[in-house]
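Trainee: Could you walk me through this one? I'd like to start with a helix and then move on to a sheet.

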Amino acid sequence: MSPAALLNRSNCFMLNAFNTWRKFNFVTATTTTCNINTGSYNNYIRRFSIRQRENPVKSSYRSFKSMDAPSDVFRGVTDRFNGVTVDGKQETTIDLTEFREKLQKSLDFWTSQKKRAIWFRVYKDQADWVPILAESGFDFHHARTGVVIMYRWLPKDETPNLPHYAHTLLGVGGLVINDQNEILVVSDRNALINNIWKLPGGYVEPNENLIDAAVREVEEETGVRTTFTSMVCLRHSHSGNFGCSDIYIVMGLKPQNLDLTRCNREIERVRWMPLDEYFVHPQVLEGNRHVARTYLDNRKRGLDFTCAKMLHNVLKKEYQLYYVDTADSQPKI
């Protein structure tokens with residue numbers, strides 16, 4: 001099936017304007033519905049996102065515990081899969097000879113304890129550990145700025161089933177239509193195809209909610225402040241940046257101001273384009289036209305891809321659940 005066919009109205013998830021909130025009763029396990037405005041929702045999402053970014057560990061289920069080990073063995077923490085993680089920041093400074101000896105004693109101990117995956121978190125100032133770990137059978141799993149994670153699979157009688165590191169990039173676009181039936185479009189300064197008009201948007205940051213990301217990107221690129229109205233559709237592709245797959249989610253947003261302030265670093269042009277012009281403009285890709293048609297058509301049909309805040313029963317962690325609903329099942333404001 002062609003990319004254009006995959007992105008047509010019958011293949012996209014869509015929703016109507018978000019004007020109600022489904023609230024889950026965690027005691028009785030029932031769902032109730034009450035009215036809420038988009039401003040309140042956006043304030044909630046922003047507050048929750050900030051809490052997650054400031055202290056993500058406190059709101060997560062603690063699945064690691066300290067390991068009892070002899071003093072000449074790296075302590076580390078054990079996980080629910082019977083693995084061990086050693087964090088370089090938790091280790092005292094030792095020279096390379098001591099490190100090599102302690103590593104071998106640790107591997108012998110972990111093997112006797114039938115541990116499975118051994119993980120080492122090595123920081124930039126410990127880079128001289130890397131060749132020693134590699135000589136001892138460790139391989140690279142993933143790296144981030146300032147730290148590399150290496151692993152070794154100990155069992156000889158079972159094949160490793162370790163998960164791949166994150167292999168999919170996540171981006172958002174903001175579909176913003178004003179009361180004059182104009183759509184907000186930008187032309188990127190470093191676009192793959194010059195002069196193409198597209199929706200403002202970009203990558204989601206770590207620990208950032210999808211809606212927050214769309215609102216932030218639109219304001220950064222165009223100066224237009226927005227509130228969330230709906231989720232529109234999702235596109236999935238492969239062989240993107242860094243060889244990763246790519247998920248791109250379009251959020252419907254309502255503008256709070258119409259004046260434009262272009263981001264000079266990233267954006268070449270920005271404008272409000274009449275929808276009639278957008279649907280026939282030669283510099284608008286057909287896939288983007290499908291997205292706008294989907295959004296408008298779905299509003300007329302009363303379909304709703306809504307969002308609810310939930311709390312995981314075990315992890316005690318808040319999350320946002322997106323699901324399809326019909327506007328008829330929700331009270332009108």
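Trainee: Which residues of H5 are buried?

Mentor: Bearing in mind that this is a predicted model, the buried residues of H5 are Leu210, Ile211, Asp212, Ala213, Ala214, Val215, Arg216, Glu217, Val218, Glu221 and Thr222, which makes 11 of its 13 residues, and the helix is mostly covered.

Trainee: And what is the relative accessibility of Ile211?

Mentor: It is 1%, and because buried means under 20% relative accessible area, Ile211 counts as buried.

Trainee: What span does H5 reach from its first C-alpha to its last?

Mentor: H5 reaches 18 Å, close to the 18 Å expected at 1.5 Å a residue, and the helix is followed by Gly223, which has a positive phi near 80°.

Trainee: Switching to the sheet, in what order do the strands come?

Mentor: The order is E11-E9-E13-E12, an open sheet of 4 strands with mixed pairing. Strands E11 (201-203) and E12 (226-237) each have a single partner strand, so they stand at the edges with one side left without a neighbour in the sheet. From one strand to the next, the twist averages 20°.

Trainee: How many bridges join E9 to E13?

Mentor: There are 9, and the two strands run parallel; one of the bridge partners is Gly252 in E13, paired with Leu175.

Trainee: Which helix lies across E9, E12 and E13?

Mentor: That is H7, residues 286-301, which runs at about 130° to E12.

Definitions and conventions: Residues numbered from 1 in each chain as written. Predicted model: local features only at pLDDT ≥ 70, side-chain atom pairs only at ≥ 80, totals over all residues. Heavy atoms only, no water. Pairing = 2+ DSSP bridges. Axes fitted to C-alpha atoms, helices over the stretch in contact; angles between N-to-C directions. Contact = heavy atoms within 4.5 Å. Buried < 20%, exposed > 50% of the residue type's maximum accessible area, 1.4 Å probe, protein only. Expected span 1.5 Å × (residues − 1).
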